[in-house]
Amino acid sequence: MEIWKLLVLFFSAFFGGSAIFLVKSDKSESLKLILSFSGAYLFAITVLYLIPEAYSGTDAHEIGIFILIGFLLQVFLEKFSEGVEHGHIHKHEHNNVFPYGIMISLCLHAFVEGMPLAKDQHNELIFGIALHHIPAAFALASILLQSHFKPATILFYIAVFAVMAPLGFYVSTGLSNGTIGGVEAYFNKMMGVVIGIFLHISTTILFESSVDHKINKKKMIAVLTGTAIGLLGFFVTGH
C-alpha cells in the first residue's frame with residue numbers, strides 16, 4: 001500500500017480528535033451534518049463496492065454469516081464504546097477516570113476495519129474508513145477533555161486510536177503473505193465482518209441523527225452529497 005494511504009488513515013483520525021482544542025462553541029449541528037455525509041458515503045461504498053466484492057469469491061455462500069457477525073460485533077462493541085464511533089458524545093461525571101471500555105472497543109473496531117486493506121486497497125474503502133474515524137476521534141477527545149485529562153495525554157490516546165487502522169493493515173499483510181501465517185482464503189470473510197460493521201454504523205448515523213425520524217433540508221443535502229460522491233467514484237472507476 002502506498003504510504004499516503006496509511007497517512008490518510010492516521011491523520012484523519014488524529015486531526016479529527018485534535019480539532020477538539022479548536023472548537024470554542026457548540027458545534028453539534030455541524031457535527032450532525034458531517035455525520036450524515038459520512039454515513040451516506042459509508043453506506044454507498046458498502047453497497048456499491050464491498051458487498052459485490054465479498055460475494056465474488058468461491059465462499060460466497062458463507063459471506064452472509066460473517067456480515068451478521070460483523071453487525072452483531074458492532075452491537076456488542078457499542079455496549080462499551082457508548083456509540084462514540086458514530087459521533088455520540090456523552091457527559092461523564094467522574095473526573096480523571098479513564099474510559100477504558102470506550103478506548104479498547106474503539107481501537108478494536110478500527111483495527112478490524114484496517115485488516116481487509118491488505119487485499120482490497122480501493123481508495124473508496126480507505127476514504128470511507130477515514131471519514132467515519134473523524135467524528136469518532138472527536139467524540140473520544142471530547143470525553144477525555146470532559147474528564148479533565150491534560151492536552152498531551154488526550155493527544156497521546158488519540159494517536160493510539162489513529163494508528164489502529166494502519167496497524168490492522170500491517171498485521172493482515174503479515175497474515176496474507178505468510179510472515180505470520182497464510183490465511184489468504186479468509187480475506188472475503190474478514191471483509192464480510194467489516195461490511196456488517198459498516199452497515200450498522202452507517203444506518204445508525206442516518207437514523208439516529210434525525211429528530212423524530214424527520215430529515216431537514218440541510219441533512220438531506222448532506223446525505224445526497226455523500227451518496228453522490230460514492231456513485232461518482234463508482235462510475236469513474238468503471239465498476
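Trainee: How many salt bridges does the count come to?
Mentor: A salt bridge is a side-chain nitrogen of Lys or Arg within 4 Å of a carboxyl oxygen of Asp or Glu. By this rule there is one salt bridge: the side chains of K189 and E62 meet at 3.4 Å, N to O. K189 sits in helix α7 (residues 187-208) and E62 in helix α3 (residues 60-81), so the pair ties together parts 127 residues apart in sequence. Helices here are DSSP runs (H or I, at least four residues), numbered from the N terminus.

Mentor: Two ground rules before we go on. This is a predicted model, where local features need pLDDT of at least 70 and side-chain atom pairs count only at pLDDT 80 or more, while totals for chains, interfaces and linings use all residues. Residues are numbered from 1 along each chain as its sequence is written, and side-chain values use heavy atoms, with hydrogens and water left out.

Trainee: Is K189 buried or exposed?
Mentor: Buried means under 20% relative accessible area, exposed over 50%, partly exposed in between (1.4 Å probe, protein chains only). K189 has 14% relative accessibility, so K189 counts as buried; E62, at 28%, counts as partly exposed.

Trainee: How many residues of α4 are buried?
Mentor: Eleven of its 15, so α4 is mostly covered. Among the buried ones are I102, M103, F111 and G114.

Trainee: And which residues of α4 meet α5?
Mentor: Contact means heavy atoms within 4.5 Å. I102, M103, L106, H109, A110 and E113 in α4 meet I129, H132, H133, L140 and I143 in α5.

Definitions and conventions:
Helices (H or I, at least four residues) and strands (E, at least two) are DSSP runs, numbered from the N terminus.
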